[in-house]
Amino acid sequence: MGDVLAGIHATWEFDTDSVLIRFERGIRTPRLFQSLRERRIPYAALSSVTLTPGKRGTVVLHAVPRPGADPLLEAAAGQLKEGVDPYRLVLPAERETLAEYYAAELRALLGPEASLPAERFLVTAPEVPMHFKAYDGRAGFDGALVSFRWFWTGASSAKWKAGDQTFPVAELAGIEWRSPDAFEGYLRLVPRGAAADSEAGCPDPAPVAGRPSVGRVQPDQDPASVVFGLGYGPVHESLPFAAAVLASVRRTQSVPVVTAPVPVGGARRDPADVAERMRHLGDLHQAGLVTDAEYSAKKAELLAEL
């Protein structure tokens, strides 16, 4: 179509085979949109297009993706709030006629496969490398390896005993992401062996993106998980992270792997990681959550790791 439709918080640029969604960077723009910046959505990834009345004199153009087409929505597993759905374009009500035109144009581009789940991801995952701070550790992903480095002030004794963790994506079966906006949010990695255990009849109520539910251990005790909390693992950081990991896992799932996650213990720590943990310890000390004696003792331990 070659046209541009500007709405509130985003602009849609229509091309011959896809729509490029550019998100605004304004202070009122949801932080998830700012984190995503822009996304190219192939028309082949869409299942339907709707136009409905919005709030306070607006209309909403909604391009609904096919199940399995977008790693971001697969990782979210239906937990995204309406206001941060990247497929919704909110427009002033006076632009309803123009929105109706584009809705009709988009519907005309949908093929017979629109009613079917996608066999593979058609939307590109967020770019790596990336990282975020959870309550009990720092999560990092470079495209091939997921790393969890525990915070002394938040991680359980079970995680400290297991040591910092590194997981090659080739050894993972899927991920679980429970929104930090809900009670007890977390990100859990699902090793391939754990997925096999689930298929053998070991249930877990938590959803797994693309795999049966697994994991009989609570996330705060599971070295393959990081847990969220107030101010930790926000949606705009942890969800794109989960989507990027999931997309990499899907690309490698055809390769059989039997080895276990590799703990990173005993080696000298990365100075940047130690500095991050010291800053975290200082924040807790300043907030009165760590005593002077605890602060001094732990600070000495961290300095000894350099």
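On a 1 Å grid over the protein atoms alone, a pocket is an open set of points where a 1.4 Å probe fits, with protein on both sides within 12 Å along at least five of seven lines; residues with an atom within 4 Å of a point form its lining. The structure is a predicted model, in which local features need pLDDT of at least 70 and side-chain atom pairs count only at pLDDT 80 or more, while totals for chains, interfaces and linings use all residues. Residues are numbered from 1 along each chain as its sequence is written, and side-chain values use heavy atoms, with hydrogens and water left out.

The largest pocket holds about 630 Å³ of space, a volume being the space filled by probe spheres set on grid points that are joined across faces, edges and corners. Its lining comprises 23 residues, with S35, L36, E38, P126 and E127 closest to the centre. Two or more lining residues come from each of helix 1 (31-36), strand 4 (38-42), strand 8 (130-133) and helix 6 (235-252); helices (H or I, at least four residues) and strands (E, at least two) are DSSP runs numbered from the N terminus. By class, eleven residues of this lining are nonpolar, five polar and seven charged. Here Ala, Val, Leu, Ile, Met, Phe, Trp, Tyr, Cys and Pro count as nonpolar, Asp, Glu, Lys and Arg as charged, and the others, Gly among them, as polar.

Six bridges join strand 12 to strand 13 (residues 186-191), and G174 stands opposite V190 in strand 13. Contact means heavy atoms within 4.5 Å; angles run from 0 to 180 degrees between N-to-C directions, with axes fitted to C-alpha atoms, for helices over the stretch in contact.

A further open sheet of three strands has the order 5-6-7, again with antiparallel pairing. Strand 5 (46-53) and strand 7 are the edge strands. Strand 6 and strand 7 share five bridges, and V60 stands opposite V90 in strand 7. Helix 3 (residues 96-109) lies across strand 5, strand 6 and strand 7, at about 165 degrees to strand 5.

Strand 6 (58-65) and strand 7 (88-92) each supply at least two lining residues of the second largest pocket, which holds about 440 Å³ of space. Among its 17 lining residues, K55, R56, G83, R88 and V90 lie nearest the centre.

Methods
Two strands pair if DSSP finds at least two bridges between them.
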